[in-house]
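These are my notes from a look through a structure that was new to me. I went element by element and wrote down what I looked up.

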Amino acid sequence: MKLKTAIASLAVAGSLAALATPAMARDTISIVGSSPVYPFATVVAERFGRNTDFPTPKLESTGSGGGLKLFCEGVGTVHPDISNASRRMKKSEFDLCQSNCVKDITEIRIGADGIVIAHSKDAEKMDLSLGQIFLALAKEVPNPNGGNELVANPYKTWSEIDPSLPNIEISVMGPPPTSGTRDAFVEIAMEGGCKQFDAIARLEDEDEDRFKSVCHSMREDGPFIEAGENDNLIVQRLARDKDILGIFGYSFLMENSGQIQAVTIDGVEPTPENISAEDYPVARSLFFYVKKAHVGVVPGIEEYVAEFTSEGAWGDNGYLVDVGLIPNPRNERAEIAKRAKTLEPMTGNEL
Amino acid sequence: MNNPTSQAELVRRSLKRRYRKERRFRLYGMIAVAIALLSLLILFADIIQKGHTGFLKTTITLDVELDGELMYLTDPTDRDEMAMADFTAPILAALKAQFPDVEGRAAERELSRLVGTYAASDLRDLLRAEPGLLGTTQTLEFLAHDTVSVYVKHADNPRYTVRLSDQQKQWVDELQARGVIDTSFNDVLFQNGDSREPANAGILGAIVGSMLTMLVTLVLSFPVGVAAAIYLEEFAPRNRLTDFIEVNINNLAAVPSIIFGLLGLAVFIGAFGMPRSVPVVGGLVLALMTVPTIIISSRAAIKSVPPSIREAAEGIGASRMQVVLHHVLPLAMPGMLTGSIIVMAQALGETAPLLLIGMVAFIVDIPDGLFDAATVLPVQIYLWASSAEQGFIELASAGIMVLLTFMISMNALAIWLRKRLERRW
């Protein structure tokens with residue numbers, strides 16, 4: 001009977017597929033980690049795959065924390081070779097690596113990425129200070145009527161925060177808590193802003209947990225809108241409604257410069273020069289970490305690192321600048337490239 | 001009160017109200033259908049309006065003189081020489097032949113940015129494949145740069161930002177008038193894997209990945225699901241244990257798909273040491289997800305076979321196994337297939353469980369086996385939709401159209417099979 005043989009052969013094929021031994025050597029570099037580094041690392045990976053005989057590395061966007069966790073799980077081809085991070089490795093993560101026999105790790109700082117607050121080109125250009133950003137977006141702010149107590153954020157319009165700001169409703173679209181951009185925004189912009197208020201700055205010494213929760217809590221009563229991971233959607237909204245502000249990575253500003261403009265922060269425009277010189281306050285460093293034990297086991301790791309740290313890639317006129325990377329200063333690049341070449345391991349003391 | 005005339009009067013009066021009620025009820029139904037149709041129409045219109053340009057590619061056709069001196073190349077078979085050769089130079093020379101008055105490094109740089117990022121490496125691959133072309137002049141078609149493509153396709157669309165200088169725009173207008181820059185069907189989309197250059201990005205890798213994953217899912221879940229359904233329906237004794245199993249199969253069918261991803265991560269990758277991001281693991285996870293639904297739909301199909309068929313077979317002395325295999329199963333098969341195909345279509349659109357097992361990844365090379373890193377269609381759409389480059393906006397919508405085509409054809413296949421195999425009593 002035809003039906004029976006068909007079913008039987010399907011079942012046999014199925015069990016064969018399931019039983020085939022998967023324990024095989026890997027010849028493709030496996031990279032995990034931060035989504036802000038993903039657009040740069042993928043461009044390098046693709047060029048590397050095209051211009052060498054090695055297969056194109058496989059890149060997973062798992063977030064910095066998730067990536068380092070996978071990276072530190074152990075040595076062997078089931079574990080990734082490289083992890084990208086939009087923040088430095090934490091001491092606890094380094095210790096996790098060490099305890100799982102991932103001894104030699106090379107740290108490479110690839111450059112920086114700015115986080116911009118932007119709005120439609122039709123809107124009147126705004127300038128904000130970190131303090132004003134905090135007052136507009138925090139859950140709790142110092143009482144506007146004076147005193148040291150914290151109250152639920154009462155501000156509804158920008159002009160209530162400062163009369164020089166426009167009299168429009170506060171409405172800011174930003175990334176959700178799962179995003180690396182959100183982490184960086186909260187840690188740099190919100191915390192930087194909240195330190196400017198004596199009532200809160202005092203808390204830092206007295207009650208650190210309370211300080212963190214005050215500085216890191218975004219308001220949930222409407223003016224701050226969580227807009228999913230898709231920054232393109234934020235850009236589209238901004239282009240349509242000139243009273244809304246949006247928070248996203250610099251590359252989205254660069255790519256959509258015809259429709260949106262950046263809000264200056266403390267008078268500083270987010271240009272590559274200002275971000276690289278650390279004049280623009282809301283920027284973060286981007287890193288990747290290489291597992292030295294895999295060099296020589298998985299082919300191409302050294303060559304991939306060399307491609308990433310070449311002037312043609314991460315230099316001032318390199319192709320990564322075209323996709324929005326803010327390069328390291330030249331002398332720093334030379335130094336990091338030298339370390340990358342020898343894959344000098346971290347000691348753990350620098351963290 | 002018991003007056004018969006007033007009773008009839010009462011009915012007559014209430015009749016009007018009852019008819020009105022029925023008309024209202026029908027109207028609600030029609031409104032519901034209209035809303036569903038309208039939202040479907042809006043969805044399709046939006047996707048097609050955004051995505052139809054994704055099926056067009058912008059090309060620049062140039063007469064390129066493959067001059068060895070210009071490229072510092074004497075022998076294309078020599079690997080070292082190929083690595084050092086300059087493949088941008090002949091392309092730039094061909095562009096300059098179009099605009100002889102372009103002078104200076106800056107202007108040349110602007111001019112060379114009209115062709116796609118990978119034009120030079122395409123030229124190198126061509127020479128590597130056919131070393132004999134060195135020294136000849138060839139008419140070659142290059143993909144235009146993403147920014148040129150956006151300008152050509154969307155110059156009037158306010159959703160897009162044209163990132164070309166005025167000089168570059170003038171060049172592009174001129175080249176379009178000469179027919180050098182042109183748009184044609186985007187065959188690259190169906191030939192390539194993923195790329196960070198929108199012009200080079202293709203969906204073939206994801207299509208192959210989806211097919212490999214679905215193959216594993218189908219091959220595992222269909223036989224298991226059907227066998228379990230036959231056993232439970234025909235052979236299993238009715239007791240508390242089978243009741244318990246039945247309840248749990250129904251529960252399993254309602255478990256959110258991401259849980260199966262977690263299970264796959266822990267069991268297949270963690271305990272069995274299978275590699276991440278491969279179609280086998282993806283297929284296994286999706287098989288776990290689809291088996292309960294296949295069991296349920298197959299049982300329903302078996303139940304719908306009329307008892308008279310079974311009794312007639314038993315009456316002429318068929319064994320239980322013969323009854324099932326010769327009579328019940330062939331009659332239940334259309335229902336089983338329909339159920340399975342619809343579940344497969346659902347599995348084709350899954351991303352959540354695949355996220356955890358590493359199939360949400362940037363993969364350029366097209367997978368050629370079950371153990372090659374791969375991604376699937378919905379994941380590819382997700383990755384494109386969240387990329388900054390403008391060219392990916394239309395590609396994401398084009399990808400949705402491809403995925404919808406697959407879904408619709410799978411559902412059409414289910415309907416066709418049902419129509420063809422169905423028997424009525």
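Entry 1, helix α11 of chain B. I looked up which residues of α11(B) are buried, and found B:Phe260, B:Gly261, B:Gly264, B:Phe268 and B:Ile269. I note that the model is a predicted one. The buried residues of α11(B) pack against α12 (279–303) and α15 (352–356) of chain B. I then checked the length of the helix. At 1.5 Å a residue, the 15 residues of α11(B), 257–271, should span 21 Å, and the end C-alpha atoms are 20 Å apart, which agrees. I also found a bend of about 30° in α11(B), at B:Gly264. B:Gly264 is itself on the list of buried residues. Just after the helix, B:Gly273 takes a positive phi of about 65°.

I asked why α7(B) counts as largely enclosed by the rest of the structure. The reason is that 7 of its 9 residues, in the run 146–154, are buried. I listed them as B:Asp146, B:Thr147, B:Val148, B:Ser149, B:Val150, B:Tyr151 and B:Val152. Their packing partners in chain B are β1 (56–65), α8 (166–177), β3 (181–185) and α17 (391–421).

I counted 16 helices and 13 strands in chain A. The C-alpha trace of chain A spans about 80 × 65 × 45 Å along its principal axes. Of its 351 residues, 44% count as buried. I looked at contacts in chain A between residues at least 6 apart in sequence, and 72% of them join residues at least 24 apart.

Chain A is divided into domain 1 (25–112 + 285–342) and domain 2 (114–283). Their C-alpha centres lie 30 Å apart. The contact between them takes 13 residues from domain 1 and 12 residues from domain 2. On the domain 1 side I found 7 nonpolar, 6 polar and no charged residues.

How many residues of chain A are in contact with chain B? I found 39, against 34 residues of chain B. On the chain A side, the elements that give two or more residues are α1 (2–19), α2 (38–51), β2 (58–60) and α11 (250–255). The largest share, 9 residues, comes from α1(A). By class, this side of chain A has 17 nonpolar, 14 polar and 8 charged residues.

Most residues other than glycine have a negative phi. I noted two residues with a positive value. A:Cys101 has a phi of about 70° although it is not a glycine. A:Cys101 is found in the loop between α4 (91–99) and β4 (105–120) of chain A. Is A:Cys101 buried or exposed? It counts as exposed, because it has 11 C-beta neighbours inside 10 Å. The other residue is A:Asp266, with a positive phi near 50°. A:Asp266 lies in the loop between β12 (264–265) and α12 (272–276) of chain A. With 14 other C-beta atoms within 10 Å, A:Asp266 is partly exposed.

Terms used:
Residues are numbered from 1 along each chain as its sequence is written. Chains are lettered from A and ligands numbered from 1 in the order in which they are written. This is a predicted model: local features need pLDDT of at least 70, side-chain atom pairs count only at pLDDT 80 or more; totals for chains, interfaces and linings use all residues. A residue is buried if 20 or more other C-beta atoms lie within 10 Å of its own, exposed if 12 or fewer, and partly exposed in between; C-beta atoms are placed from the backbone. Helices (H or I, at least four residues) and strands (E, at least two) are DSSP runs, numbered from the N terminus. Two residues are in contact if their C-beta atoms, placed from the backbone, lie within 7 Å. The expected span of a helix is 1.5 Å times one less than its number of residues. The bend at a residue is the angle between axes fitted to the seven residues ending there and the seven starting there. Ala, Val, Leu, Ile, Met, Phe, Trp, Tyr, Cys and Pro count as nonpolar, Asp, Glu, Lys and Arg as charged, and the others, Gly among them, as polar. Domain bounds come from an automatic or database domain assignment.
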